[in-house]
Each structure stands twice: as C-alpha cells, then as structure tokens.
Amino acid sequence: MSKHQSPADIATLIEAACRQRDGAYAIHSGFAVGAALETADGRVFTGCNVENDSYGLSICAERVAIFKAVSEGCREFHRMVVVATPLASPCGACRQVMSQFFGDEVEIIAVDAGNAESHKFWTMNELLPDRFRFER
Ligand code: THU
C-alpha cells in the first residue's frame with residue numbers, strides 16, 4: 001500500500017472497529033470491544049478483545065490492534081477508534097502500551113457501539129501524562 005495514502009475518515013474507522021467487535025472473543029465478560037488503529041501512512045489495523053480461561057491472559061482490543069500493526073512494521077500512528085457499549089475508556093495497561101508508540105498528539109476516540117453520538121476524545125498526552133518511556 002502507498003506510503004502516502006490519504007487518511008481514513010472517522011466513519012470508516014468506526015465501521016472497521018464495529019466489524020471487529022462483532023468477532024470479539026469475550027467468553028467471560030460478555031463485554032465485546034473493537035478497535036481500529038490508523039497508521040501515519042493511512043493504513044488501518046483492527047483488533048478485538050480476546051479472553052482466556054486463565055483470566056489474566058486476556059487481552060484488550062486496543063493492544064491486539066497495536067501489536068498487529070507493530071508486527072507488520074508500523075511505528076507511527078495517527079489515531080485509534082475504540083468501540084464498545086457503553087463506551088470504554090482504555091485501561092491502564094493499554095495506555096502504557098499506546099504510550100510506547102503514540103506521540104503526545106495521537107487521538108484516541110471511544111465510541112458507543114449503539115450510538116455513535118455518544119463518544120469521548122483524548123490525546124495520548126491526556127490519557128497518560130508523564131508517561132514512562134526511555135528516550136531514544
Ligand atoms: N476491554 C477492552 O478490550 N478494551 C477496553 O478499553 C476496556 C476493556 C476488554 C477486556 C476484557 O476482555 C473486557 O473488555 C472486560 O474488561
């Protein structure tokens with residue numbers, strides 16, 4: 001895909017996150033979450049939460065999307081949409097993983113799957129100020 005692809009519009013990201021949410025493996029909580037992550041060059045990676053009978057091994061939709069993107073070589077990101085009902089504010093573990101890869105101004109948008117009018121918006125810096133990260 002071209003490095004200069006134009007950014008996905010927000011409706012496209014919400015749609016992609018909803019599609020992932022439909023496939024969430026939320027066998028214990030029943031709380032399905034979908035995420036769509038847009039890279040700086042306009043690609044979109046998606047994720048859903050994947051739970052495990054060993055509960056602590058469950059992983060959130062946000063981290064699945066980030067790890068898929070990073071494993072495909074992406075290192076720069078533009079924004080992420082997270083869809084759940086009710087809307088989900090990313091957990092602390094996801095905020096730390098996001099902060100490894102997201103610049104201060106990367107946008108995180110939480111959307112209620114049942115009502116796109118119900119949403120919240122943060123920058124990375126608002127979600128996790130004073131992040132821990134080695135300078136490199
Ligand atoms: N979960 C996410 O995938 N993302 C969030 O932002 C909040 C929580 C998942 C983890 C677990 O599978 C379920 O939702 C209930 O916590």
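How far does a polar side-chain atom of Asn-49 lie from an oxygen atom of the ligand? I looked it up and got 3.0 Å. That falls under a polar contact, a pair of N or O atoms within 3.5 Å.

Before going on, I note that this is a predicted model, where local features need pLDDT of at least 70 and side-chain atom pairs count only at pLDDT 80 or more, while totals for chains, interfaces and linings use all residues. Residues are numbered from 1 along each chain as its sequence is written, and side-chain values use heavy atoms, with hydrogens and water left out.

Glu-51 has a polar side-chain atom 2.5 Å from a ligand oxygen, and for Glu-62 an N or O atom of the side chain is 2.5 Å from an oxygen of the ligand. I also looked at cover: alone, the ligand exposes 370 Å², and the protein buries 78% of that (Shrake-Rupley areas, 1.4 Å probe).

Which residues are around the ligand? I found Ser-29, Phe-31, Val-33, Asn-49, Glu-51, Cys-60, Ala-61, Glu-62, Ala-88, Ser-89 and Pro-90, each with a heavy atom within 4 Å of it. I sorted this shell into six nonpolar, three polar and two charged residues.

The ligand takes up the space of the largest pocket. That pocket holds about 190 Å³ of space. I see 15 residues lining it, and Phe-31, Val-33, Asn-49, Cys-60 and Ala-61 are the closest to its centre. (My pocket is an open set of points on a 1 Å grid where a 1.4 Å probe fits, with protein on both sides within 12 Å along at least five of seven lines; lining residues have an atom within 4 Å of a point.)

**Backbone entry.** I found a cis peptide bond from Thr-85 to Pro-86, with omega near -5°. Pro-86 lies in the loop between strand S3 (77-84) and helix H3 (92-101).

Key:
Polar contact = N/O pair within 3.5 Å; in protein donor to acceptor, adjacent residues only side chain to side chain. Sits in = over half its atoms within 2 Å of the grid points. Nonpolar A, V, L, I, M, F, W, Y, C, P; charged D, E, K, R; others polar. Points joined across faces, edges and corners; volume = space filled by probe spheres on them. Helix = DSSP H or I, 4+ residues; strand = E, 2+ residues; numbered from the N terminus.
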